[in-house]
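Here is a short briefing for a first look. Please keep the sequence and the 3D view open while reading.

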Amino acid sequence: MTATAARYLDSHLHLQEKHLAPQIDIIMERARNAGVARMLCNATREKDWQAVVDLAAEAPEIIPFLGIHPWFAETAVTGWEERLLSLLQQVPAGIGETGLDKCCRADFGRQQQIFLTQLKMASELQRPLVIHCVKAWGRLLEMLEQFAAPLPPIMIHSFTGSRETLQRLLRLGCFISFSGWLATDGKLHLRFLETPLANLLLETDAPAQPNRQLPPGSHDQTVICDEPAAITQLYKLAATMRKMPLDEFRQEIWKNGEIFTDTIIPR
Ligand SMILES: [Zn+2]
């Protein structure tokens, strides 16, 4: 790839998922061919931390994020904090995916404890933090607004909240990442346009959001939607929504990603 070639950022995905393993080489090849030059790969529980670290060690495009997702809050066993801290001291990784989710079975009190521990760790180490939030915006905003120490760089992944939530997150300086929901959700379209360009990120969340990338027939059918190569389709759609030239839009998002990951990737 030449210095001027298009570089796309996929700001959130999960390439460590076991069912992807047999196809990972082809997924990476297709991502590279599409110009996807950076992918923020998020662990969801302690069991997959090492897989994320290993993927990142093999491919410079993959940036590791290690953490515990609210769905798996109850899998966090004694000593997880120390083990996470020690891994973070060895590997230049962000923290995630973590957050709060009122639509899952994990105890909400436990979710909050686990989230707060990761928020504190990200603040102390000044590592970027990736937050998942479903139907728990009030509590999340309270926790962030009342946090006593400086907040780390924060990304809200696959944002689907209200205008008020968006405004409060922006006041906290959060990056807002939009996924394929943008293609089909009219309200989200408005939130996307209300998000300042400097706070925007885009993600596939692959392979967690299959076939939601774009309405059928509007994209290259040879691209499997739940893979990072599909992010180029989302960029096209998003640049059109913003009435911006694709290349200029892509460069702005790339820059936002660099700011978000500033403490783990030398620029
Ligand atoms: Zn995710």
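Are H14 and E97 buried or exposed? Both are buried, where buried means under 20% relative accessible area, exposed over 50% and partly exposed in between (1.4 Å probe, protein chains only).

The model is predicted: local features need pLDDT of at least 70, side-chain atom pairs count only at pLDDT 80 or more, and totals for chains, interfaces and linings use all residues. Residues are numbered from 1 along each chain as its sequence is written, and side-chain values use heavy atoms, with hydrogens and water left out.

**Zinc site**

- H12 (NE2), H14 (NE2), E97 (OE) and D205 (OD) coordinate the zinc ion at 2.1 to 2.5 Å. Donors are N, O and S atoms within 2.8 Å of the metal (3.2 Å for Na, K and Ca); water is not among the atoms, so sites may look incomplete.
- Along the sequence, the donor residues follow the spacing H-x1-H-x82-E-x107-D. H14 and E97 link distant parts of the chain, 83 residues apart. H14 sits in the loop between β1 (8–13) and α1 (24–34), and E97 in strand β4 (residues 94–101).
- Helices (H or I, at least four residues) and strands (E, at least two) are DSSP runs, numbered from the N terminus.
- The arrangement is irregular because the four donor atoms subtend angles of 83 to 170 degrees around the zinc ion. Four donors count as tetrahedral if all angles lie between 85 and 135 degrees; four count as square planar and six as octahedral if opposite donors are over 155 degrees apart and all others between 65 and 115; anything else is irregular.

**Core and buried contacts**

- The largest nonpolar core has 83 residues. Such a core is a set of buried Ala, Val, Leu, Ile, Met, Phe, Trp, Tyr and Cys residues joined through side-chain atoms within 4.5 Å.
- L15, L66, I156 and F249 have the most contacts inside this core. Helix α8 (residues 231–241) gives the most to the core, with six residues.
- Leaving aside neighbours within four places in sequence, I156 is in contact (heavy atoms within 4.5 Å) with residues including I131, W137, L140 and F175.
- R38 lies in strand β2 (residues 36–42). R38 is buried, with a relative accessible area of 15%. Beyond its neighbours within four places in sequence, the contacts of R38 include D10, E61, W254 and E258.

**Helix α7**

- L188, R191 and F192 are buried in helix α7 (residues 186–194). They cover an arc of only 105 degrees around the axis, which puts them on the same side of α7. The arc is that of the directions from the helix axis to the C-beta atoms.
- G186 and K187 are exposed, on the face of α7 turned away from its buried side.
- The cover over the buried residues of α7 includes α6 (163–171), β7 (175–178) and β8 (200–202).
- At the start of α7, a side-chain oxygen of D185 comes to within 3.0 Å of the backbone nitrogen of K187.

**Backbone features**

- The peptide bond from G96 to E97 is cis, with omega near 5 degrees.
- The bond from A206 to P207 is also a cis peptide bond, with omega near 0 degrees. P207 is in the loop between β8 and α8.
- Q126, not a glycine, has a positive phi near 50 degrees. Q126 is partly exposed, with a relative accessible area of 29%.
- K243 has a positive phi of about 55 degrees although it is not a glycine. K243 is in the loop between α8 and α9, and is exposed, with a relative accessible area of 76%.

How values were computed
Polar contact = N/O pair within 3.5 Å; in protein donor to acceptor, adjacent residues only side chain to side chain.
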